[in-house]
Each structure stands twice: as structure tokens, then as C-alpha cells.
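My notes follow in the order in which I looked.

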Amino acid sequence: MENVFDLLEPLFVKPEKTPARCNFADIPQSVSFIDSDVVLYGVPLDITTSFGKGTNRGPEALRLTSSRQIETYIFEEKTSIQDLLKIYDIGDLKLPPSSAAQGHKDHNTNKNKTINSMTAFLDQAIPKITGLLYNDGNKVPLMIGGEHTLSYYAIKSMACEKPLIIHFDAHRDMKEQYEGIKICHTTPFFHLLNEGYIRGNDLIQIGIRQGDREENKMAEDNGVATFEAWNVYDNIQSVKDYLQVKTQHRKLYISFDIDVYDLPYVPCTGTPEPFGLNPFQVTEIIRSIDKSAQLIGMDMVEVSLKNNDYREGTLATHTLLRILASRLIRTRR
């Protein structure tokens, strides 16, 4: 186990040296890598986003709100997160120098070269991290981003486990390419399906309310289970009933894009959409997952931070704490 940590540590900037200058949740009890159940890591990436910028500040927003504002006591569960799980924050992934200006207006002629370089790096780094954490270290990898492009690499690296994917999002993210870019924040689920890393009947998309004709056809042709935002508002019980049955005895990967929430809840994310879900609905849906299921990986993406507005980071942290408190992670103890 010590060898696993020795291999991982050089890949990361320590939490106290990230822009947040603190660990996630800043839990009073010291948690060692060896004793941890969940290993959280940030990827401050904002390189293919096509509208609002700022996803590179997602890890910062989550760390700051979780350690400086939010109690780790889960009110409705009547328990603290540290009583359920040991979470170790290993820091932010060190990104190549070409991405040093994440969040900038990248209209220069080196844009495609920069993106291709980053794609190649992530395609090596994230599977390596996943392998060391999940396969060698018996840890649940929890990635905080960063743009939704990252989910392509994280899910691909866990494909051999054949997990059921629960994808919370305003968008399908099933475009074949966008603005000439193949792997970007609008395309991960197209390529995961097209390349055979996941099957359509193992993908559930919740909160969808924006997309194009081709994306909808891709989902329909592949048998993707879709619960549009209107389905949740009109009959949330049907969503909960489906999840309770579908998740029984399954390994799960949750990909959570913060813009699944309605526009007023997410003032910083780059592509907010109206007609979204509220925190009570999301919590209900999370709690409907059958307790026989096992969460083996997760990402929280598209969180941003602007003008000292911490509402979005706060909501992302509360959501993350409730997923972690859902008793879907098999602890090592």
C-alpha cells in the first residue's frame, strides 16, 4: 500500500499548496492514505469549455466551502461523514505546462495542439490513477473537476468493472464532436458508447433538458434510460422506482454535472439551463438507489467560482456529502 502512495504522490500538488490552501472538508481526525476508503483528487481543467469559463476553480470551490463553511454532519442522516467513511484528499493533478492558462480565451492557432497534448496526457494519467487507487489500493476514486471532458477518461478506466453509470446533467454530452474537437466537454458519452466502453442499457441520464436531434437519436438507438427534468417534476416516484430496481446488486459510477440543478442554484457554472432540478429532488433520487449497490467511482464536474460567490461550491459540497453518506461504499474496516 505504501508503494501505491509513493507512485501517486508525485502526480499531485498537495491540497495545502492548491489555490484553496486546505484539504477537502478539513476533517478534524487525521486520515492516512493507507486507512482511507475514498481518495479525492482534483483536476482543475478548463480547456475545451465553449461558453462560460471557470471550471478550473471547481476543486478550489469544493475545498473552500467544505472546509471553511460546511459542517460534516449530515443533518437528515443524523451522522457525520467521518463516522461513515475515511476520506483522503491527495491534492490536484499536476497538469502539463500547456494548460497553465486554464480559463483563458484560447483563440490562438495553438488551440488544437494544446487540446491534443492535454488529451494525450489525461488518457495516460487518469487510468493510471484509477488503477493504482481502485485495483491496487482498494480505494474508491473521487474526482472533482474541472470540465466534463474528464469523465470520459475516468469512466473508460473503470469499464472493465461493467458499472451502471448514473449521469446527472442538464445536457446529454453525446455530440460526436464540437467546434472541430473530438474529445471535449460536450462529447464524453458519445465516445464512451461508440467505442464500446459502456453499453446504452447501463447508462441512466437524469435531469436532461438541452441537446440536439443527433444526441437524442444516439441515446434512443443505444437504449439509454433518460429521465428529463420534466419527468422528475411530473413523477419523481417513477424515477425513484426505476433506480431502486435497476441498481440492485450493481457496481455504480456516478457522474455529476452541477448544471443538473436549476439556473438560480448554479450562478457560476459555464452552461446553466432553466427548468432544472432542486436539491430536495436530487437528494430524493440519490436516496432511492438500492442499498445492495456498490459505488466504485464518482466525479463532480463543471463547478466554478466567480466573484467570491460560493453558492455553487456549497451546493456541490452538500451534494457530494450526501452521495458519500448514502452507504453505497463498502469500507475497508
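The entries below go from ground rules to helices, cores and loops.

**Ground rules.** I am working from a predicted model, in which local features need pLDDT of at least 70 and side-chain atom pairs count only at pLDDT 80 or more, while totals for chains, interfaces and linings use all residues. I number residues from 1 along each chain as its sequence is written, and side-chain values use heavy atoms, with hydrogens and water left out.

**Helix H7.** I took helices (H or I, at least four residues) and strands (E, at least two) as DSSP runs, numbered from the N terminus. I called a residue buried under 20% relative accessible area, exposed over 50% and partly exposed in between, with a 1.4 Å probe and protein chains only. In H7, residues 213–221, I found Glu215, Met218 and Ala219 buried. These three cover an arc of only 95 degrees around the axis, which puts them on the same side of H7; the arc is that of the directions from the helix axis to the C-beta atoms. Arg213, Glu214, Glu220 and Asp221 are exposed on the other side of H7. Helix H6 (188–194) is included in what covers the buried residues of H7, where contact means heavy atoms within 4.5 Å.

I then checked both ends of H7. At its start, a side-chain oxygen of aspartate 212 comes to within 3.2 Å of the backbone nitrogen of glutamate 214. I count a polar contact as a pair of N or O atoms within 3.5 Å; within protein, one must be able to donate a hydrogen and the other to accept it, and residues adjacent in sequence count only if both atoms are side-chain atoms. After H7 comes glycine 223, with a positive phi near 70 degrees.

**Cores.** I took a nonpolar core to be a set of buried Ala, Val, Leu, Ile, Met, Phe, Trp, Tyr and Cys residues joined through side-chain atoms within 4.5 Å. The largest one has 55 residues, and Ile206, Phe256, Met300 and Leu320 have the most contacts inside it. Helix H10 (residues 311–324) gives the largest share of this core, six residues. A second, separate core has 47 residues, among them Leu93, Leu150, Met158 and Ile181. I also listed the contacts of phenylalanine 256 beyond four places in sequence, which include Phe168, Tyr261, Val282, Met298 and Ile323.

**H2 against H10.** The axes of H2 (residues 58–68) and H10 come within 8 Å and cross at roughly 75 degrees; axes are lines fitted to C-alpha atoms, for helices over the stretch in contact, and angles run from 0 to 180 degrees between N-to-C directions. The two helices are therefore roughly perpendicular to each other, a term kept for angles of 65 to 115 degrees. On the H2 side the contact is made by Ala61, Leu62, Thr65 and Ser66, and on the H10 side by Gly313, Thr314, Ala316, Thr317 and Leu320.

A polar contact of 2.9 Å joins its side chain to that of threonine 317. Phenylalanine 24, in the loop between strand E1 (12–13) and strand E2 (38–43), is buried at 5% relative accessibility. Not counting residues up to four places away in sequence, phenylalanine 24 touches Leu62, Arg63, Ser66, Thr317 and Leu320, among others.

All eight of the eight residues of H5 are buried, so I noted H5 as largely enclosed by the rest of the structure. A cis peptide bond joins glycine 145 and glycine 146, with omega about 20 degrees, and glycine 146 sits in the loop between strand E6 (140–145) and H5 (149–156).

**Positive phi in one loop.** Which residues other than glycine have a positive phi here? I noted glutamate 302, at about 65 degrees, and asparagine 307, at about 55 degrees. Glutamate 302 lies in the loop between strand E11 (294–301) and H10, and asparagine 307 is likewise found between E11 and H10. Glutamate 302 is buried, with a relative accessible area of 3%, whereas asparagine 307 is exposed, with 77%.

Technical notes: Parallel < 35°, antiparallel > 145°, perpendicular 65-115°, else oblique.
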